[in-house]
Amino acid sequence: MRPVRLSVVTATAAVAALTAVTGCAEKSDAKAGDGAVQVTAADDSCEVSKKEFPAGHVELAVENKGTKVTEVYLLFPDDRIVTERENIGPGTKARITAEVKAGSYEIACKPGMKGDGIRQKVTVTGAAAAKRSPEMDAAVAAYRKYVQTQADETLPKAKVFTDAVRAGDLEAAKTAYAPSRIGWERTEPVAESFGDIDPKVDVRADGLEPGQKWTGWHRLEKELWQDKKLGPDAKALADALDKDLADWRQRVGKAEITPTSMANGAKELLDEVAAGKVTGEEERYSHTDLVDFKGNVEGAQHSYELLKPVASKNDPALVTELDKRFAALNKLLDTYREGGGADSYAFTSYEKVGEAQRKELSDGVNALAEPLSKLAAAVVK
């Protein structure tokens with residue numbers, strides 16, 4: 001679930017911690033002549049240095065000159081996401097590399113991580129496609145298969161959860177809740193790229209837009225753990241969740257996937273962990289945050305492993321660092337398993353994880369997120 005769901009205060013604190021430890025909002029130090037499209041975000045503006053630029057590998061050099069945490073998106077006309085970078089703190093910079101085809105797009109800045117954002121129309125010209133090696137094509141094909149498999153496997157697990165809700169069996173629903181979300185957590189950037197599915201199935205109460213009805217996993221999570229009873233519309237909510245996840249499953253095969261979107265998606269998954277899981281915001285009623293945490297890390301690592309043959313040739317030092325950081329974070333997460341071995345998703349309830357332990361987890365995420373932010377650029381060198 002994207003950090004736009006967080007309160008601005010919480011998000012600002014999360015980004016401040018992330019930046020303080022690692023400089024994860026990268027030091028872009030972009031120069032006007034380096035070929036990047038400069039994006040200057042402020043509280044009430046979103047300025048771009050070029051309204052027209054050639055197709056291929058496009059780099060956005062973002063600087064947040066506002067007072068609020070912001071997000072920057074490159075969007076298709078129908079609001080599907082080409083690429084994005086979330087949680088860009090005030091006074092920080094970030095670079096985003098993406099493979100972009102010719103056509104009309106919008107660049108959007110979302111100060112406070114709310115609403116539709118401040119937008120600028122841009123045009124990508126020419127017919128030249130970004131060059132891809134056979135290894136890149138193989139990585140994209142394998143990742144497309146992976147996300148489809150995750151969606152296919154999520155539906156029956158979700159149905160175990162929704163069947164328990166429809167039956168009014170609170171304990172069975174609680175048991176099935178976290179496992180039903182693992183496939184979603186592994187592939188969140190792809191799910192979120194469609195724009196309209198995530199707000200239906202994964203929004204929290206404080207992330208609702210004006211007039212939006214609260215549906216999805218977290219609405220039922222609240223009823224199960226906080227209310228300790230299922231409301232009169234629980235069956236309808238369960239039916240809607242099944243329907244929306246089936247829609248996601250059908251659409252996954254049509255998602256725009258490129259080597260750079262895979263790399264950027266891996267970074268986005270670490271941002272999800274930093275802004276929602278480590279803070280305890282994501283699963284605030286069930287406290288199953290560590291299950292989501294593990295799913296996000298697994299999804300990021302799978303993208304990385306598929307891109308590793310290319311990255312190894314272009315930036316072997318980065319690959320060495322990423323291998324080290326993934327291993328360290330996974331080892332740390334394993335200390336919170338509660339039996340069942342390495343394939344188990346029985347993790348310690350997050351309410352039992354103390355502040356010192358949460359900081360250790362946060363430091364592990366931050367140490368991985370910084371080099372992972374360089375993966376997209378390494379893939380296209």
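**Exercise 1. State whether Arg-181 and Asp-292 are buried or exposed, and describe how they are linked.**

Step 1. Both Arg-181 and Asp-292 are buried; buried means under 20% relative accessible area, exposed over 50%, and partly exposed in between, with a 1.4 Å probe and protein chains only. The model is predicted: local features need pLDDT of at least 70, side-chain atom pairs count only at pLDDT 80 or more, and totals for chains, interfaces and linings use all residues. Residues are numbered from 1 along each chain as its sequence is written, and side-chain values use heavy atoms, with hydrogens and water left out.

Step 2. Arg-181 forms a salt bridge with Asp-292, with 3.3 Å between the closest N and O atoms. A salt bridge is a side-chain nitrogen of Lys or Arg within 4 Å of a carboxyl oxygen of Asp or Glu.

Step 3. This pair links distant parts of the chain: Arg-181 is in the loop between α3 and α4, Asp-292 is in helix α10 (residues 289-314), and they are 111 residues apart. Helices (H or I, at least four residues) and strands (E, at least two) are DSSP runs, numbered from the N terminus.

Step 4. By the salt-bridge rule, the count comes to 40.

**Exercise 2. Find which residues form salt bridges with Arg-251.**

Step 1. One partner is Asp-196, at 2.9 Å from N to O. Arg-251 lies in helix α8 and Asp-196 in the loop between α5 (188-193) and α6, so the bridge ties together parts 55 residues apart in sequence.

Step 2. Another partner is Asp-247, where the closest N and O atoms are 2.9 Å apart. Arg-251 and Asp-247 are separated by about one helical turn, because they are 4 residues apart in helix α8.

Step 3. Asp-196 is partly exposed, with a relative accessible area of 33%; Asp-247 is also partly exposed, at 28%.

**Exercise 3. Locate the disulfide and describe its two cysteines.**

Step 1. The whole structure holds 1 disulfide, a pair of cysteine sulfur atoms within 2.5 Å.

Step 2. Cys-46 is joined to Cys-109, S to S 2.0 Å. Cys-46 is in strand β2 (residues 46-48) and Cys-109 in strand β8 (residues 103-109), 63 residues apart.

Step 3. The link of Cys-46 and Cys-109 is right-handed, with 55° about the S-S bond.

Step 4. Cys-46 counts as buried at 1% relative accessibility, and Cys-109 counts as buried at 0%.

**Exercise 4. Explain why helix α7 is largely enclosed by the rest of the structure.**

Step 1. In α7 (residues 217-227), 8 of the 11 residues are buried, so the helix is largely enclosed.

Step 2. The buried residues include Trp-217, Leu-220 and Trp-225.
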